[in-house]
Amino acid sequence: MDLRELEIFLTLAELKHFGRASQACNLSPSALTRTIQRMEEKLEQPLFLRDNRTVTLSPAGERLKAYARLCLNEWQSLRSSIRNEQAVTGSLSIYASITAVYSLLPELLESFRERYPEVQLELRTGAAEQAVAQVQSGEIDLAVAAFPDGTRPNIEFLPIVTIPLIFIAPRVAGAAEVPVPGDRLDLSRAPLVLPQTGLSRRRLDQWLKEHRITPNITSEVSGNEAIIAMVRLGCGVGIVPQLVLERSPFRDEVVVLQDAPVLKPYQVGLCTSKRNLQRASVKAFWQLAEERSMSV
Ligand SMILES: CC(=O)[C@](C)(O)C(=O)O
């Protein structure tokens, strides 16, 4: 049965009047009758019970009516969503760490590209701790970021994954005081490789303050991937989100210190501004991410 037949049938089922239905469908009364007869032949059942004055639906007709409604609604929503997708154009700039580009974004970017081929994607990589600031300054449309503690007015977050923060040391002995695997981490002595700013830095600073510890910071870097590169060299102990270690080419050259302070994990997801969310390309990406997170 084609959609046009279903449409004609539904019109008659609703108007219950051959004359009015044929008018509504822009058909001659005989063409309407023929269409219904064709459908009845296919189902081998009468769809309508007719007497001289009235038309009523047969039991088979009632069932076909429900089916026709469902089909036509589905068709309409498919058609409008395909039309809307084609209408999304313009550009979309996304900021993410190298790790996020390798691990969190690939499938999302793939489906976005497939569904919205007209949108020009700009992908910029950089230090994860700069992500929220990039969005806040209007530099970038959307970013993969760790959710900051406290509220940020005008900023929207969509969580994707929770990632523990872990302390790492070089696998082979490094500078003096650098703990070796199995050591307890003493943050008042160990040389530290830390990000200059950002959430893990703030959380560690807070922890140190609460414990009245003055840390021995030997180097400050930008980007969690760089911390691993420095720790591997033997420069000190670093703190990184676990995912960054898992994806690092140096993961076998550093060790996770088990006997170490426990910091609140990262919640990582998408970040944009309320204003950006009104743009079609940003909204489309956001909705796609929402759909995916619901189906996980
Ligand atoms: C915040 C974020 O994107 C990561 C994956 O945790 C990171 O790169 O640090």
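## A helix and a strand

Just after helix α1, Lys16 takes a positive phi of about 50 degrees. The model is predicted, so to speak of local features a pLDDT of at least 70 is needed, side-chain atom pairs count only at pLDDT 80 or more, and totals for chains, interfaces and linings use all residues. Residues are numbered from 1 along each chain as its sequence is written, and side-chain values use heavy atoms, with hydrogens and water left out.

Helices (H or I, at least four residues) and strands (E, at least two) are DSSP runs, numbered from the N terminus. Helix α1 covers residues 3-15, and its 13 residues reach 18 Å from the first C-alpha to the last, close to the 18 Å expected at 1.5 Å a residue, where the expected span is 1.5 Å times one less than the number of residues. At the N-terminal end, Asp2 caps α1 with a side-chain oxygen that lies 3.2 Å from the backbone nitrogen of Arg4.

Several residues of α1 are buried, among them Leu6, Phe9 and Leu12 (under 20% relative accessible area, with a 1.4 Å probe and protein chains only). The buried residues of α1 pack against elements including α2 (18-24), α3 (29-43) and α4 (59-87).

Strand β12 (residues 266-273) is mostly covered, since seven of its eight residues are buried. Its pairings, which require that DSSP finds at least two bridges between two strands, are listed below.

| Strand paired with β12 | Sense | Bridges |
|---|---|---|
| β5 (residues 142-146) | antiparallel | five bridges |
| β6 (residues 155-163) | antiparallel | eight bridges |

Within these pairings, Leu142 stands opposite Thr272 of β12, while Val161 has Val268 of β12 as its bridge partner.

Key
Buried < 20%, exposed > 50% of the residue type's maximum accessible area, 1.4 Å probe, protein only. Contact = heavy atoms within 4.5 Å. Polar contact = N/O pair within 3.5 Å; in protein donor to acceptor, adjacent residues only side chain to side chain.
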